[in-house]
Amino acid sequence: MRSAAIIGTGIAGMLTAHGLLKKGFRVTVYSDRTGEQWLTQSKPTGTAARFDRSLRFDRELGLNHWDRPETAMQGVSLAFCLKPRNPLVTLTGRIQAPCRAIDVRLLSARWMQDFVERGGRLVIEPVDLARLDQIASEHDLTIVAAGRAQLAQLFPRNEERSVYSGPQRKLCLLVTRGGRMGFDRVPFLPVRFNLFATAGEAFWVPFWHKDHGPTWNLLFEAKPGGPMDQFDGCKSGEEALAVAKKVIRELCPWDADWAEPMTLADPHGWLIGAVPPGVRAPVGRLPSGRVVTGVGDTLMSLDPIGGQGANNGTRMARNLVEAAAARGDAPFDAAWMESTFEQYWREEGSHIVRFNNILLEPLSAAGRSMLLSQYGSDGLSDTPAQRIADQVAENFNDPHLITDGFVDDAAARKVIAGAGGRWPWSFMRGGLGVARGQARQAVGLQPRHPAHV
Ligand SMILES: Cc1cc2nc3c(=O)[nH]c(=O)nc-3n(C[C@H](O)[C@H](O)[C@H](O)COP(=O)(O)OP(=O)(O)OC[C@H]3O[C@@H](n4cnc5c(N)ncnc54)[C@H](O)[C@@H]3O)c2cc1C
């Protein structure tokens, strides 16, 4: 029986551990915290909303303990604004199968328990470089799934694939109770996006909290120096939540009444920070010369703007497990680690990174074409506009679908035509609706956007 060691009990580590266990490996997981510590002393590492193509792996492994209607988010409700307090274009798009954001603290604790019950070995200890070398000497395959923690530095950064030299947004995440689970006029439970050309992005994500069940994750992606950039210096979750409510009143007052009753869901349910996006090489060389590989955020870290990091980690874990199982008795050497990651990068990773990076950039002319052509989507109808909106939403599940349409004029027109729209009429029709909304706001009225305010 071949043996594998995994360092880290986040989503990527635990899915890899369960996957290898199921393939007949003898698996040991090393964790710097117990399941109880995940539940009572840890911050969530992120919202980690995952889409159907990722959740499929949980189902294959029998780890989908939270598949129930209350955890199902069914699409997006989006407002794009050139300036604060002024929704210019709205989009209401459905996804084909639910997306779920399960509290990663709950998920890790439960999957650790499942792992032990299924015959895995769990060791609670923080692993440093010397210990990693020792662990690697005792196992056929050693995998670092330590997130963006110190151990990730073992894997050299791939400068060519790491487009940005530093974080692109300043982040604040809050897990809150007391918000109604839905929005007026939106016919399903959505992720609510408020996108601002200059301020940044603010998302509200339905979240299944470890203690309280249905709650909301408020995620602020502030552009440095812009009007959303107000969270520096917050020393507690309560302080950050007070700032969040102020930011909502100032930038997107249409969600202010909804947010007002919110309280922090638990003392650890908040984060302030930034993610430097980047891609690393998949081979880490230890002082002894032994090699280890990585999975999840350890090898690829993404700004949360596209909700892709945990999705990426899940699919990378699946790729790694399949490749390890197909390896037979051959060694898990550097060449195998390279080719396993390259296959992932080619088939999935590069598409995810490209889509996510596009979202960090200003909206292109092609993106504008799609956005205006879908104007009128309300999440209910079967019109060309609705079909475009649905495809935009579905692209978060599968960035292979229409990512080109966000940056390439011809590809955008193909998306519009494929949905039954006609260029340039669909675009002009959308433009008229937007102009009507602007005229109403100019005289102090609500814009009356479809399925929005
Ligand atoms: C604000 C925010 C919002 C996000 N929203 C989304 C979203 O909606 N959708 C999405 O797909 N992604 C999202 N992400 C990204 C997602 O949360 C991460 O990609 C994912 O959780 C990373 O999982 P991981 O298993 O790779 O690492 P982690 O979750 O960081 O787990 C690493 C593990 O390693 C352990 N560890 C670290 N060092 C050691 C050591 N030396 N010894 C032993 N154990 C160690 C840690 O305790 C932990 O168990 C978001 C991220 C942020 C910051």
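Helices H8 and H9 are roughly antiparallel to each other, because an angle over 145 degrees counts as roughly antiparallel. The model is predicted: local features need pLDDT of at least 70, side-chain atom pairs count only at pLDDT 80 or more, and totals for chains, interfaces and linings use all residues. Residues are numbered from 1 along each chain as its sequence is written.

H8 covers residues 309–326 and H9 covers residues 334–360. The two pack at an angle of about 155°, and their axes lie 10 Å apart. Axes are lines fitted to C-alpha atoms over the stretch in contact, with angles from 0 to 180 degrees between N-to-C directions. Helices (H or I, at least four residues) and strands (E, at least two) are DSSP runs, numbered from the N terminus.

H8 brings Asn312, Arg315, Met316, Asn319, Leu320 and Ala323 to the contact; H9 brings Thr340, Gln343, Tyr344, Glu348, Gly349 and Ile352. In contact means C-beta atoms, placed from the backbone, within 7 Å.

H8 also belongs to the ligand shell. In total, 39 residues surround the ligand, and the closest are Gly10, Gly46, Gly147, Gly296 and Gly309. Being near means a C-beta atom, placed from the backbone, within 6 Å. The largest share, four residues, comes from H8.

The table gives the make-up of both groups.

| Contact of H8 with H9 | five residues | five residues | two residues |

Terms used
Angles under 35 degrees count as roughly parallel, over 145 as roughly antiparallel, 65 to 115 as roughly perpendicular and the rest as oblique. Two residues are in contact if their C-beta atoms, placed from the backbone, lie within 7 Å. Ala, Val, Leu, Ile, Met, Phe, Trp, Tyr, Cys and Pro count as nonpolar, Asp, Glu, Lys and Arg as charged, and the others, Gly among them, as polar.
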